[in-house]
Every structure is written in C-alpha cells, then in structure tokens.
Amino acid sequence: MRTKPARPIMLRALLLLAAVSTLLAGCGKDADTAEAGSSVKGPDIIRLPTPTNLTGISNYYVAEELGYVKEAGLQFDYVGAVESGQLVASVVAGKIDVGGAHINRTIAGISAGAKIKAVVAQTETTEEIPHMSFVTTKDSPIKSAADIVGKKVGIPAFGGCNEYTPYAYLLKNGIADPKGKFEIVTAPEFKLEQALLQGEVDLIGLHENPSTIIKRGNLKVVFTDYDIWKSIGGATPLYFSNKFIKEKPDVVRRFVDVISKTNDFVNANPEKAIEITAKRGDMDPAKIRANHYAAHGEISPESVQVWIDLLSQFNEIKKDVKPEDIFTNEFNDTLK
C-alpha cells in the first residue's frame with residue numbers, strides 16, 4: 001500500500017505555527033504597550049507637620065477623610081510634630097511645605113526676612129468661637145481691664161496672640177503702655193487651669209470657647225479676642241515658601257482648593273468634622289471644639305492689618321510691612 005506524502009501536512013503545521021507565533025508576538029507587543037501606557041503620574045506630595053494639639057478640628061484630617069485630597073491629585077505626608085515657633089523656619093528650610101499658626105507669627109517671620117506667603121485662610125473669630133478666651137475663677141474680683149493691672153497672667157508662651165491679646169485689651173480700655181502692667185507666667189496650656197485654681201496666677205489665656213469654659217461651673221470669662229477686634233482677630237492662614245510657590249504654582253492652587261472646600265464643609269458640619277478629627281487623632285470627641293473657618297478660605301486684609309498695627313506699635317516688626325507682603329488670594333479659584 002502506498003502512503004500519502006507527508007509534505008502537505010508538515011507545510012500546514014508550519015503555517016499554523018507561524019500564525020500562532022505572529023499572534024502571540026502581537027499580543028506581547030500590545031501587552032507591553034498597554035503596560036507602558038498605564039504608568040500614570042502619582043499624586044503630588046505635600047509635607048505637613050503632624051497635627052498634635054487636637055483641641056480643635058484638624059482641617060487636614062477632614063480633607064483626607066472626605067476624599068478632597070485624593071481628588072485634587074495630592075497626598076499629605078505628615079513628618080512629625082513641629083512647634084508653632086519653628087514653623088516658619090521649617091518651611092523656609094524646606095523641612096515641611098506648609099506652615100500655619102496665628103497670623104502674628106507669619107507677619108513677624110516675613111518682617112524678619114522669611115520668604116513665605118500665606119495663601120489660604122483657616123480659622124477666624126466669632127463671638128461664640130473666639131480664638132482666645134481669658135479666664136479667671138468665678139469668685140475672682142477681676143472684671144475689667146483695670147483689674148488686671150498688677151496681677152499674674154498665665155499664658156502658654158511669650159509672643160504672638162498669647163501675650164499681645166491682653167496688651168490689646170488693656171489698650172482698648174484706656175490703659176497705655178500695657179507691657180509691664182501685669183506679670184506674665186508661662187506654662188503648657190493644659191496646666192494653666194490648675195495653676196489658676198491653686199492661686200498661682202490670677203487670669204489665664206485659653207484657646208477654648210466661652211460656652212465650654214462656663215460649663216465647668218467654677219470659672220468665668222473676662223474677655224475674648226472678639227471683644228477687642230470682633231471677627232478679624234483670630235486669623236490662622238496657611239503659607240508656603242516663595243520658592244515652592246514659584247516652582248509648583250499648580251500644586252499650591254490645588255491645595256488652596258482643598259482647604260477652601262474643607263473650610264466650608266466644617267462650618268456646615270461641625271459635629272462630623274469633630275468625629276473625623278477624634279477618630280484620626282484617637283481623641284475623646286468631647287475634648288475637641290468646633291472652630292469656625294473663613295468662608296471659602298478667603299484671607300481678609302483687615303485680619304492681617306490689625307496685627308501689623310499691633311506688632312508695629314510694640315516695635316516687634318518693621319514699620320513698612322504691608323498686608324500684600326503677607327498674603328495673597330490669587331490661588332483661590334473659589335473667589336473668582
């Protein structure tokens with residue numbers, strides 16, 4: 001019996017193998033292309049001081065939990081605790097990207113030569129939620145500015161809002177040259193109430209709301225920064241270095257948008273913001289106060305000028321400092 005030639009079968013096998021090889025090669029190329037095309041730019045990192053003094057709401061934690069940070073293509077990197085007095089230097093040195101405390105520290109830093117600029121507002125004062133409250137015992141004879149003369153006043157630290165708010169209160173009530181008119185005693189804020197109750201000081205400055213202070217039953221509020229300046233006294237804007245702003249203006253703009261939206265959310269939903277802060281900070285929600293934030297993150301010139309005037313009066317800064325040296329709202333698209 002004659003057998004059929006094997007060549008046609010072998011030829012078909014070779015053609016099939018070639019087709020499969022071509023197909024596989026094509027798939028491999030497509031896969032490589034897809035893999036290369038799927039590599040996208042990661043989020044822009046912003047280095048921040050870790051929130052530590054969680055007696056108030058943390059805008060950073062709230063912004064992250066709401067998804068605003070991720071939506072903006074940003075990522076917050078917490079580098080550890082930074083003392084408020086070291087924030088300006090840390091931003092200038094590039095150890096962190098964003099700083100923020102009471103506006104007086106920003107003004108003093110810029111006057112001293114720090115190349116920084118505030119770009120978005122955080123807290124502001126209201127009658128119910130001031131920046132600082134100055135407190136004494138319920139049965140204390142201190143009722144007015146005149147009664148503070150000659151007394152011991154406990155504050156968290158020299159300088160800034162702690163020291164200059166009582167000076168401004170005395171000035172407003174007709175007491176000239178208030179420096180030296182009372183004795184200053186410094187202690188960590190959480191120890192001030194104990195010092196007051198033990199009679200070591202006569203008046204203390206706390207970053208607390210009058211309503212929570214009064215609820216304790218044994219204390220009374222003598223004055224707050226709202227009594228001095230109304231709503232313009234308690235500004236705490238956030239700032240970047242001029243170098244960062246020049247090199248990464250789009251990052252600054254997106255960050256400002258995040259904080260602006262967070263401000264408005266916190267004002268509308270204070271209890272939720274407290275819940276988020278307490279959870280992230282492992283805190284008792286009852287110990288966190290509902291700060292009031294500047295609408296849309298707008299920095300008002302008046303909130304800056306009032307502290308320029310006060311610090312100038314005490315020769316703490318140069319005389320030619322102007323609000324436009326301190327802040328800008330140009331990166332806040334919400335205001336346009």
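Two residues are said to be in contact when they have heavy atoms within 4.5 Å. The structure described here is a predicted model, in which local features need pLDDT of at least 70 and side-chain atom pairs count only at pLDDT 80 or more, while totals for chains, interfaces and linings use all residues. Residues are numbered from 1 along each chain as its sequence is written, and side-chain values use heavy atoms, with hydrogens and water left out.

The predictor's confidence in each residue, pLDDT, runs from 0 to 100; the protein chain averages 89, and 88% of the residues score at least 70.

The protein chain holds 15 helices and 10 strands, taken as DSSP runs (helices H or I, at least four residues; strands E, at least two) and numbered from the N terminus. Of its 336 residues, 46% are buried, where buried means under 20% relative accessible area with a 1.4 Å probe and protein chains only. The accessible surface comes to about 17,500 Å², with 54% of it belonging to carbon and sulfur atoms; such areas come from the Shrake-Rupley method with a 1.4 Å probe. Among contacts between residues at least 6 apart in sequence, 79% join residues at least 24 apart.

In soluble globular proteins, nonpolar side chains tend to be buried together. A nonpolar core is a set of buried Ala, Val, Leu, Ile, Met, Phe, Trp, Tyr and Cys residues joined through side-chain atoms within 4.5 Å. The largest such core has 48 residues, and those touching the most other members are Ile107, Ile148, Tyr169, Phe223, Val304, Trp307 and Ile326. A second, separate core of 36 residues includes Ala63, Leu74, Ala273 and Ile276. Beyond its neighbours within four places in sequence, isoleucine 326 contacts residues including Ile103, Ile107, Val304 and Ile308.

Helix α14 (residues 301-313) also brings in Val304 and Trp307, which are among its buried residues. The cover over the buried residues of α14 includes α5 (103-111), α7 (160-172), α10 (225-229) and α15 (323-326). The 13 residues of α14 reach 18 Å from first C-alpha to last, close to the expected 18 Å; the expected span is 1.5 Å times one less than the number of residues. Just after this helix, asparagine 315 takes a positive phi of about 55°.

Helix α12 (residues 249-268) has 20 residues and reaches 29 Å, close to the 28 Å expected. Its buried residues include Val251, Phe255, Ile259 and Phe265. Leaving out residues up to four places away in sequence, serine 260 touches Val120, His296, Gly297, Asn332 and Thr334.

Turning to the strands, phenylalanine 134 lies in β5 (residues 133-137) and is buried, with a relative accessible area of 0%. Its C-alpha atom is separated by 5.8 Å from that of valine 222, 88 residues apart along the chain. Besides valine 222, the contacts of phenylalanine 134 beyond four places in sequence include Val153, Ile155, Leu203 and Phe223.

Elsewhere, three strands form an open antiparallel sheet in the order β3-β10-β4; two strands pair if DSSP finds at least two bridges between them. Because β3 (99-100) and β4 (116-120) each have a single partner strand, they stand at the edges, with one side of each left without a neighbour in the sheet. Two bridges join β3 to β10 (residues 238-241), and glycine 99 stands opposite tyrosine 239 in β10.

Technical notes. Buried < 20%, exposed > 50% of the residue type's maximum accessible area, 1.4 Å probe, protein only.
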